Amino acid sequence: MAKTSKINKNEQRKKIVAKYAKKRTELKTAIRSIHTSAEDRIAAQETLAKLPRDANPIRVTNRCLVTGRPRGTLRYFQMSRITFREMALAGQITGVVKSSW
């Protein structure tokens, strides 16, 4: 089980990302646009740099919903490989069958 402080921090990051998502996309499109003047592009870059670091979606990590483990997470099931294997072998995940050949 992961530390609750790390799990809570990740949830806080998700909220900050959602809060600044629209503003970030507007600034990014202004920076990338060929019709933007050099001064406006520089101003947009400075404004983007002044946003909080946690507003960047890269800083959000995929964590296991059950244990909070940050590594080895299966995206489709949103759980770690260890938890997935335990639950699949116990028959608690619908549609997952252990293969044998």
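Q: How far apart are Glu 11 and Lys 14 in helix H1?
A: Glu 11 and Lys 14 are three residues apart in helix H1, so about one helical turn separates them. Helices here are DSSP runs of H or I with at least four residues, strands are E runs with at least two, and both are numbered from the N terminus.

Q: What kind of model is this, and how are its residues numbered?
A: This is a predicted model, where local features need pLDDT of at least 70, side-chain atom pairs count only at pLDDT 80 or more, and totals for chains, interfaces and linings use all residues. Residues are numbered from 1 along each chain as its sequence is written, and side-chain values use heavy atoms, with hydrogens and water left out.

Q: Why is the link between Glu 11 and Lys 14 called a salt bridge?
A: The term asks for a side-chain nitrogen of Lys or Arg within 4 Å of a carboxyl oxygen of Asp or Glu. For Glu 11 and Lys 14, the closest N and O atoms are 3.4 Å apart. The pair therefore meets the definition.

Q: What makes Glu 11 and Lys 14 count as buried, partly exposed or exposed?
A: Relative accessible area decides (under 20% is buried, over 50% exposed, in between partly exposed; 1.4 Å probe, protein chains only). Glu 11 has 37%, so Glu 11 is partly exposed. Lys 14 has 39%, so Lys 14 is partly exposed.

Q: How do you know what span to expect of helix H1?
A: The expected span is 1.5 Å times one less than the number of residues. H1 covers residues 4-32 and has 29 residues.

Q: Where is the kink in H1 centred, and how is the bend defined?
A: The kink is centred on Tyr 20 and is about 50 degrees. The bend at a residue is the angle between axes fitted to the seven residues ending there and the seven starting there.

Q: Which residues of H1 are buried, and what do they pack against?
A: Among the buried residues of H1 are Arg 13, Val 17, Tyr 20, Arg 24 and Leu 27. The buried residues of H1 pack against helix H2 (38-50).

Q: What makes Arg 24 stand without a salt bridge?
A: Lys and Arg count as positive, Asp and Glu as negative; His and the chain ends are not counted. The nearest side chain of opposite charge to Arg 24 is that of Asp 54, 10 Å away. Arg 24 is buried yet has no salt bridge. Arg 24 is still in contact (heavy atoms within 4.5 Å) with residues including Leu 48, Leu 51 and Pro 57, leaving aside neighbours within four places in sequence.

Q: How do you know that Asp 54 pairs with Lys 9?
A: Their closest N and O atoms are 3.8 Å apart, and the pair forms a salt bridge. The link joins distant parts of the chain. Asp 54 sits in the loop between H2 and strand S1 (73-74), and Lys 9 in helix H1, 45 residues apart. Asp 54 has 12% relative accessibility, so Asp 54 counts as buried. Lys 9, at 34%, is partly exposed.

Q: Which residues are linked in the network of salt bridges?
A: Lys 9, Arg 13, Asp 54 and Arg 59 are linked in it. Asp 54 also bridges to Arg 59, with the closest N and O atoms 2.8 Å apart. Arg 59 has 33% relative accessible area, so Arg 59 is partly exposed. The structure holds four salt bridges.

Q: Why is Ser 80 called buried?
A: Ser 80 has a relative accessible area of 1%, so Ser 80 is buried. Ser 80 is found in strand S2 (residues 79-80). Leaving aside neighbours within four places in sequence, Ser 80 is in contact with residues including Cys 64, Arg 69 and Gly 72.

Q: What makes the link between Ser 80 and Thr 83 a polar contact?
A: The term needs a pair of N or O atoms within 3.5 Å; within protein, one must be able to donate a hydrogen and the other to accept it, and residues adjacent in sequence count only if both atoms are side-chain atoms. The side chains of Ser 80 and Thr 83 are joined at 3.0 Å. The link therefore counts as a polar contact.

Q: What is the phi of Gln 78?
A: Gln 78 has a positive phi of about 55 degrees although it is not a glycine. Most residues other than glycine have a negative phi. Gln 78 is found in the loop between S1 and S2. At 44% relative accessibility, Gln 78 counts as partly exposed.
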